[in-house]
Amino acid sequence: MGLFGKKDSKIVAQQTGKVVPITEVPDPVFSDKVLGDGIAIIPTSNTVVAPVSGTIAQVAHTFHAVGIEADDGTEVLVHLGIDTVKLSGEGFTCHVKVGDHVNAGDKLMDMDIEAIAAKGFQTISPCFLNTVLSHTGSVFASSPIVIIPRLSNFFVVALPTKNRSDTGR
């Protein structure tokens, strides 16, 4: 519970992989925080899940990005790879559409990280929201990575990765 008895918002990792600061993303649009602050994951699995519960507000026609309006109003953008818009959807399979309601951890997409990397694109995937994040380490898709109390203070959490397997939801 948050301050004044309000429930905290949880944001889970959108992919299994290594979490890195947004400043390490090799594209100044992301690393300079032009789109806002966030984290990035270097994925080790093809599954992309919803980092929050909410409504799908946008799906790029090339499937390289998904926008979600969380149930609490937080706006979240998941961007898959660097310059992957140039793939015109190749390497991505979308499982949602605008207007769908998703729960945190529900499958949004499959991202063929091997095929995308073989075409010369980096698969590091930023996740932005209208709140500051700062966490590094390894995570699994659907692992909590941040808790955002209703007021602007928050705590970053990461669950241990040993003995966990990718659920592939």
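The paragraphs below lead through this predicted model, from the chain as a whole to its strands, its ring pair and its charged pairs.

Because the model is predicted, local features need a pLDDT of at least 70 and side-chain atom pairs count only at pLDDT 80 or more, while totals for chains, interfaces and linings use all residues. Residues are numbered from 1 along each chain as its sequence is written, and side-chain values use heavy atoms, with hydrogens and water left out.

The protein chain contains two helices and 14 strands, where helices (H or I, at least four residues) and strands (E, at least two) are DSSP runs numbered from the N terminus. Of its 169 residues, 47% are buried; buried means under 20% relative accessible area, exposed means over 50%, and partly exposed lies in between, with a 1.4 Å probe and protein chains only. Among the contacts with a separation of 6 or more, 69% are between residues 24 or more positions apart, a contact being heavy atoms within 4.5 Å. The chain exposes about 8200 Å², of which carbon and sulfur atoms supply 52%; accessible areas come from the Shrake-Rupley method with a 1.4 Å probe, and for residues only the protein chains shown count as cover.

The rings of Phe30 and Phe128 have centres 5.6 Å apart and planes at 25°, so the pair is stacked; rings of Phe, Tyr and Trp (its six-membered ring) pair if their centres lie within 6.5 Å, with planes under 30 degrees apart counted as stacked, over 60 as edge-to-face and the rest as tilted. Since Phe30 lies in helix α1 (residues 28–31) and Phe128 in strand β11 (residues 125–129), the pair ties together parts that are 98 residues apart in sequence. Phe30 counts as buried at 5% relative accessibility, and Phe128 counts as buried at 2%. Helix α1 also holds Val29, which is partly exposed at 37% relative accessibility.

The charged side chains form four salt bridges, each a side-chain nitrogen of Lys or Arg within 4 Å of a carboxyl oxygen of Asp or Glu. In one of them Lys119 meets Glu90, with the closest N and O atoms 3.2 Å apart. Lys119 lies in the loop between α2 (113–118) and β11, and Glu90 in the loop between β7 and β8 (92–94), so this pair ties together parts that are 29 residues apart in sequence. Lys119 is partly exposed at 46% relative accessibility, and Glu90 is partly exposed at 45%. Another salt bridge joins Asp100 and Lys97 at 3.0 Å, N to O, and here Lys97 counts as exposed at 54% relative accessibility. Lys107 forms a salt bridge with Asp110, their closest N and O atoms being 3.2 Å apart, and Lys107 is partly exposed at 25% relative accessibility.
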